Every structure is written in C-alpha cells, then in structure tokens.
Amino acid sequence: MERLVFNTAEHKLEELESYGFVKESEFWYSLTLRNEAEEQITLGVSAYDYEVQIAYTIKGNVCAYLNIELTILFNLIKDGLVVKEKK
C-alpha cells in the first residue's frame, strides 16, 4: 500500500506556510479553501505521521473548486515536499 507523506528527509514542515498552510497545532498544518456557498476542502499534513490528507464538505457542485486544491497538491509533489511512501 502507498500513501502520500511529507518529505522530512529534505524539507521542514514550516515550508508549507509559503504555500498558504497554517499551523493549526503542534501536530497539524492545514489549508482550507471555501466558497460563498460554504463548500470547503481542506488539505492537511499531519506532523505526527507526516501523512497528507484531503477532507472535503460538499453542498453542491465543487468540480472547479477541487481542481484548485489538486493544483496545490500537485505543486507540493512537484517541488518535492510530498512524496509517495510504501507502507
């Protein structure tokens, strides 16, 4: 099984802040996007196990909204902050 994790070998979690992430607690960085209809998607990185998680709340059609979030995730992968890990 594979999962996406933060690349601790080459990067520090604080670098997520330059992508718009906020340190919510000692163990969690998140980036939440909302629209006027209160639909939201949160991309989070656990500082506990460095796993990348996507949580979303859908109250309508959010296809374009999802594309914005996936672009941010793509940039994190492209820039080497997020990598695949075999479990």
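**Note on the predicted model**

1. Five salt bridges are counted in this structure, a salt bridge being a side-chain nitrogen of Lys or Arg within 4 Å of a carboxyl oxygen of Asp or Glu. The model is predicted, so to speak of local features takes a pLDDT of at least 70, side-chain atom pairs count only at pLDDT 80 or more, and totals for chains, interfaces and linings use all residues. Residues are numbered from 1 along each chain as its sequence is written, and side-chain values use heavy atoms, with hydrogens and water left out.

2. Overall layout. The protein has one helix and six strands. Helices (H or I, at least four residues) and strands (E, at least two) are DSSP runs, numbered from the N terminus. Read from the N terminus, the order is β-β-β-β-β-α-β. The helix, H1, spans residues 63-78.

3. Burial and surface. The protein has 87 residues, and 33% of them count as buried. Buried means under 20% relative accessible area, exposed means over 50%, and partly exposed lies in between (1.4 Å probe, protein chains only). The accessible surface is about 5,700 Å². Carbon and sulfur atoms hold 53% of that surface. These areas come from the Shrake-Rupley method with a 1.4 Å probe; for residues, only the protein chains shown count as cover.

4. Contacts along the chain. Take the contacts with a separation of 6 or more: 50% of them are between residues 24 or more positions apart. A contact means heavy atoms within 4.5 Å.

5. Strand pairing. E2 and E3 run antiparallel and are joined by three bridges. Two strands pair if DSSP finds at least two bridges between them. A hairpin of two residues connects E2 to E3. Ser25 faces Trp28 of E3. E3 also pairs with E4, again antiparallel, over seven bridges. Within that pairing, Ser30 has Gly44 of E4 as its bridge partner.

6. Lys84 and Glu2. Their side chains form a salt bridge, 3.6 Å from N to O. Lys84 sits in strand E6 (residues 82-86) and Glu2 in strand E1 (residues 2-6), so placed that 82 residues separate these distant parts of the chain. Lys84 is exposed, at 60% relative accessible area. Glu2 is partly exposed, at 43%.

7. Arg3 and Asp49. This salt bridge has an N to O distance of 3.7 Å. Arg3 is in strand E1 and Asp49 is in the loop between E4 and E5, so the pair ties together parts 46 residues apart in sequence. Arg3 counts as buried, at 16% relative accessibility. Asp49 is partly exposed, with a relative accessible area of 26%.

8. Asp79 and Lys78. Here too there is a salt bridge, with the closest N and O atoms 3.7 Å apart. Asp79 is partly exposed at 35% relative accessibility, and Lys78 is exposed at 53%. A network is also present: salt bridges with shared partners join Arg3, Asp49, Glu51 and Glu85.

9. Aromatic pairing. One aromatic pair is counted. Its members are Phe27 and Tyr48, with ring centres 6.5 Å apart and planes at 80 degrees, so the pair is edge-to-face. Phe27 lies in the loop between strand E2 (22-25) and strand E3 (28-34), and Tyr48 in the loop between strand E4 (40-46) and strand E5 (52-57), so the pair ties together parts 21 residues apart in sequence. The rule: rings of Phe, Tyr and Trp (its six-membered ring) pair if their centres lie within 6.5 Å; planes under 30 degrees apart are stacked, over 60 edge-to-face, the rest tilted. Phe27 is partly exposed, at 44% relative accessible area. Tyr48 is exposed, at 66%.

10. Nonpolar patch. Ile54, Tyr56 and Leu70 make a nonpolar surface patch of about 310 Å². Patch residues have over 30% relative accessible area and no salt bridge; like charges are joined within 9 Å, nonpolar side chains (Val, Leu, Ile, Met, Phe, Trp, Tyr) within 5 Å. Leu70 belongs to helix H1. Leu70 is partly exposed, with a relative accessible area of 45%.

11. Which residue has a positive phi although it is not a glycine? It is Tyr50, with a phi of about 65 degrees. Most residues other than glycine have a negative phi. Tyr50 is placed in the loop between E4 and E5. Tyr50 counts as partly exposed, at 30% relative accessibility.
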